[in-house]
Amino acid sequence: MRERGEFLDEYLSHNSIDCLHINFPDPWSKKAKRKHRILSTEYLTKMHPFFRSEGKLCFKTDHLEYFQTVTGILNKLNSYTIDQYTEDLHQSKYATGNILTEFEMLFKSKGNPPIGYLRAKALREK
Ligand SMILES: C[S@@+](CC[C@H](N)C(=O)[O-])C[C@H]1O[C@@H](n2cnc3c(N)ncnc32)[C@H](O)[C@@H]1O
């Protein structure tokens with residue numbers, strides 16, 4: 001399906017996501033444009049009910065500031081817990097089993113800059 005990730009909630013039911021992969025989204029580097037980032041407090045809060053219990057969000061980016069900002073957001077939200085984290089995916093234990101995206105392959109051929117990777121579990125209230 002070709003659709004903006006912001007509208008995923010319009011197509012899915014609650015408790016339906018096992019794993020949501022967000023790979024190298026546009027980092028909107030300029031401060032004034034950061035409001036366009038897909039991963040924000042609002043988006044993660046909106047999407048939370050769509051995860052199954054312990055459903056996973058996987059996020060990869062080469063943009064360290066974006067990576068750290070999303071990490072901070074997830075740490076503040078009580079509804080997610082980060083269980084895998086590295087700021088240099090290809091040099092980490094998570095490299096085994098990592099599936100390279102098209103963008104990641106391109107990176108590898110262009111000096112292989114560090115890639116941030118995290119996995120967060122969506123928690124349900126007991
Ligand atoms: C840097 S590329 C990464 C492509 C691919 N995920 C990969 O890792 O090879 C960024 C992609 O995100 C898409 N994109 C940008 N904003 C988006 C959004 N709001 N929702 C879904 N896709 C988006 C662009 O069309 C582009 O294909």
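Read along the sequence, the predicted protein follows the pattern β-α-β-α-β-α-β. Its secondary structure comes to 3 helices and 4 strands, where helices (H or I, at least four residues) and strands (E, at least two) are DSSP runs numbered from the N terminus. Residues are numbered from 1 along each chain as its sequence is written. The model is predicted: local features need pLDDT of at least 70, side-chain atom pairs count only at pLDDT 80 or more, and totals for chains, interfaces and linings use all residues.

The C-alpha atoms fill a box of roughly 45 × 35 × 30 Å along the principal axes. Of the 126 residues, 17% count as buried. Burial is set by C-beta atoms placed from the backbone: a residue is buried with 20 or more others within 10 Å of its own, exposed with 12 or fewer, and partly exposed in between. Among contacts between residues at least 6 apart in sequence, 78% join residues at least 24 apart; a contact requires C-beta atoms, placed from the backbone, within 7 Å.

The largest nonpolar core has 17 residues. Such a core is a set of buried Ala, Val, Leu, Ile, Met, Phe, Trp, Tyr and Cys residues joined through C-beta atoms within 7 Å. Helix H1 (41-47), strand E2 (51-61), helix H2 (64-76) and strand E4 (116-122) each give two or more residues to this core. Those with the most contacts inside the core include Leu44, Leu57 and Phe59. Leu44 touches Leu39, Ile73, Leu74, Leu77 and Tyr80, not counting residues up to four places away in sequence.

The shell around the ligand includes Arg4, Asn23, Phe24, Asp26 and Glu104. The shell divides into 4 nonpolar, 3 polar and 5 charged residues. Helix H3 (residues 102-108) supplies the largest share, 3 residues.

Phe24 lies in the loop between strand E1 (17-23) and H1. Phe24 counts as partly exposed because it has 18 C-beta neighbours inside 10 Å. Glu54 lies in strand E2. With 12 C-beta neighbours inside 10 Å, Glu54 counts as exposed.

Note on methods. Near = placed C-beta within 6 Å. Nonpolar A, V, L, I, M, F, W, Y, C, P; charged D, E, K, R; others polar. Contact = placed C-beta atoms within 7 Å.
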